[in-house]
Amino acid sequence: MVSVPRLVIAAPASGSGKTTVATGLMAAFSERGLAVSPHKVGPDYIDPGYHALATGRPGRNLDAYMCGPDLVAPLFTHGASGCDLAVVEGVMGLYDGASGQGELASTAQVSKLLRAPVVLVVDASSQSRSVAALVHGFASWDPEVRIGGVILNKVASDRHEALLREALDESGLPVLGVLRRAPQVATPSRHLGLVPVAERQTDALDAVRAMGDRVREGCDLDALMALARSAPALPDEAWEPERCPAPAARPVVAVAGGAAFTFAYAEHAELLTAAGAEVVVFDPLRDEKLPTGTAGLVVGGGFPEVYAPELSANEPLRRAVTALALSGAPVAAECAGLLYLARELDGRPMCGVLDASARMSERLTLGYRQAVAVSDSVLAVAGTRLRGHEFHRTVLEPGAGATPAWGLHQPERRVEGFVQRGVHASYLHTHWAASPEIARRFVERCGG
């Protein structure tokens, strides 16, 4: 059995202050010298970057839809190994999950799978005694969800705080923190949410410090730590990437990083390494050539639309990527990577590996997807089924090649993506921990 003190930070709805409280708690406890393990419920890539700044450890996702409920606790235990505390930031409202799937992928489900106490962050503006009814409803909705206390956010005054506390005295739930109304911590947003850490390192550090200061001043850290320590032990079943026999020569897998390509799950690099690859990160905004000896290329998600002029201007690297793809080497591209491989993005020349054109759109495409591999590729054999997530505000025309990557079955049936030579390019974000054979297959093709 593994005993890791842990808290889940949830809220009645988005916009209540979860990110401020969760990141602030991570920073405040880290300042106390604790090793804090940061986690995020759902497929979000951006919040974990702020969590990593606050803790000095990789931010990790816990997604019961893409990875399945059975992997949530093992992935948590893997990430939290050796830590003094784990803080899990929830997604949306506490009981909100995958559309039409009941509690699946909700913060409530993850809290039950982790047997973790929940701290409910409540936006208390424009209410007083009604806060008790709100909290009572959330605490009693599912008796298996243990709400251990409340943090009140956007409290206007001492009088307002007194009214809120008096009301909550009747609920039996302790008030573990009170955050006054204040100018929002500088975490700017744009079309897909917060601006990633990689694009604003200094300002992001300042924002994380400010969140830590607010939480330290307004919350009872000792009471929160005591609540975290009340979490029971979890079975000792930590997820670990299965290690393959070491090849004679470790193939170099180049992984795109930098400000334009910030969407990645920590487990992907771990799986590639375990499969025998030497993972080398490069920055398509700055590097004019691929890493020496590149045998395979992974280009994940991010914001190429924001950096289209710079990506286009780096013609030497675009030529190198095109040459690698034309050679038949394995290339895996998700979302931003798909756009980078296209002929053009918003009129700017890209790599031209795919005969398709991309542009920004007013429409946000967002949601979980059920997918099946249409044909054999460097990632999967035809017929492989998995779950993924789409999250973009761009359109690609055409949306699928002569040999599509995936057939999607939710919410509507369609095919999308491209499989050609060694290239697998798609809008679909996937979590390889749920299908570790993807990394093994990819590295095997690098060696061949």
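**Strands, helices and a pocket**

Analyst: Happy to! This is a predicted model. Let's begin with strands β12 (residues 294–299) and β13 (residues 331–334), which pair in the parallel sense over 3 bridges.

User: Which residue in β13 is the bridge partner of Leu 297?

Analyst: That partner is Val 331.

User: And what order do the strands of that open sheet come in?

Analyst: The open sheet has 6 strands, in the order β11-β10-β12-β13-β21-β20, and its pairing is mixed. At the edges you'll find β11 (278–282) and β20 (418–420), each of which pairs on one side only. On average, neighbouring strands here are turned by 15° against each other, direction ignored.

User: Which strands does helix α11 lie across?

Analyst: Helix α11 (residues 315–326) lies across β11, β12, β13 and β21 (423–426). Its direction is at about 110° to β12.

User: OK, now the open sheet of 7 strands. What's the order there?

Analyst: The order is β3-β2-β4-β1-β5-β6-β7, and the pairing is parallel. β3 (60–62) and β7 (175–180) are the edge strands with a single partner each, so one side of each has no neighbour in the sheet. Neighbouring strands of this sheet are turned by 25° against each other on average, again ignoring direction.

User: How many bridges join β2 to β3?

Analyst: There are 3 bridges between β2 (residues 36–41) and β3, and the two strands run parallel. One example to click on is His 39, whose bridge partner in β3 is Arg 60.

User: What packs on that sheet?

Analyst: Helix α7 (residues 201–218) does, touching β6 (147–155) and β7, and its direction makes about 125° with that of β7. Helix α8 (residues 221–229) packs on the sheet too, touching β1 (6–10), β4 (85–89), β5 (118–123), β6 and β7. The direction of α8 makes about 110° with that of β1.

User: At what angle do α1 and α7 pack?

Analyst: Helix α1 (residues 18–31) and α7 pack at about 85°, with their axes 7 Å apart. That angle falls within 65 to 115 degrees, so α1 is roughly perpendicular to α7.

User: Which residues meet there?

Analyst: From α1, they include Thr 19, Val 21, Leu 25 and Glu 31. The α7 residues they meet include Val 208, Met 211, Arg 214 and Val 215. By class, this contact of α1 with α7 has 7 nonpolar, 5 polar and 3 charged residues.

User: Changing topic: what volume does the second largest pocket have?

Analyst: The second largest pocket has a volume of about 950 Å³. Its lining is made up of 43 residues, and Phe 261, Thr 262, Phe 263, Ala 264 and Tyr 265 lie nearest its centre.

User: What's that lining like by class?

Analyst: The lining has 29 nonpolar, 13 polar and 1 charged residues. Elements that each supply at least two residues of this lining include α2 (47–55), β10 (252–256), α9 (266–274) and β22 (429–430).

Definitions and conventions. Residues are numbered from 1 along each chain as its sequence is written. This is a predicted model: local features need pLDDT of at least 70, side-chain atom pairs count only at pLDDT 80 or more; totals for chains, interfaces and linings use all residues. Side-chain values use heavy atoms; hydrogens and water are left out. Two strands pair if DSSP finds at least two bridges between them. Helices (H or I, at least four residues) and strands (E, at least two) are DSSP runs, numbered from the N terminus. Axes are lines fitted to C-alpha atoms, for helices over the stretch in contact, and angles run from 0 to 180 degrees between N-to-C directions. Contact means heavy atoms within 4.5 Å. On a 1 Å grid over the protein atoms alone, a cavity is a set of points where a 1.4 Å probe fits but cannot get out, and a pocket is an open set with protein on both sides within 12 Å along at least five of seven lines; lining residues have an atom within 4 Å of a point. Grid points are joined across faces, edges and corners, and a volume is the space filled by probe spheres set on the points. Ala, Val, Leu, Ile, Met, Phe, Trp, Tyr, Cys and Pro count as nonpolar, Asp, Glu, Lys and Arg as charged, and the others, Gly among them, as polar. Angles under 35 degrees count as roughly parallel, over 145 as roughly antiparallel, 65 to 115 as roughly perpendicular and the rest as oblique.
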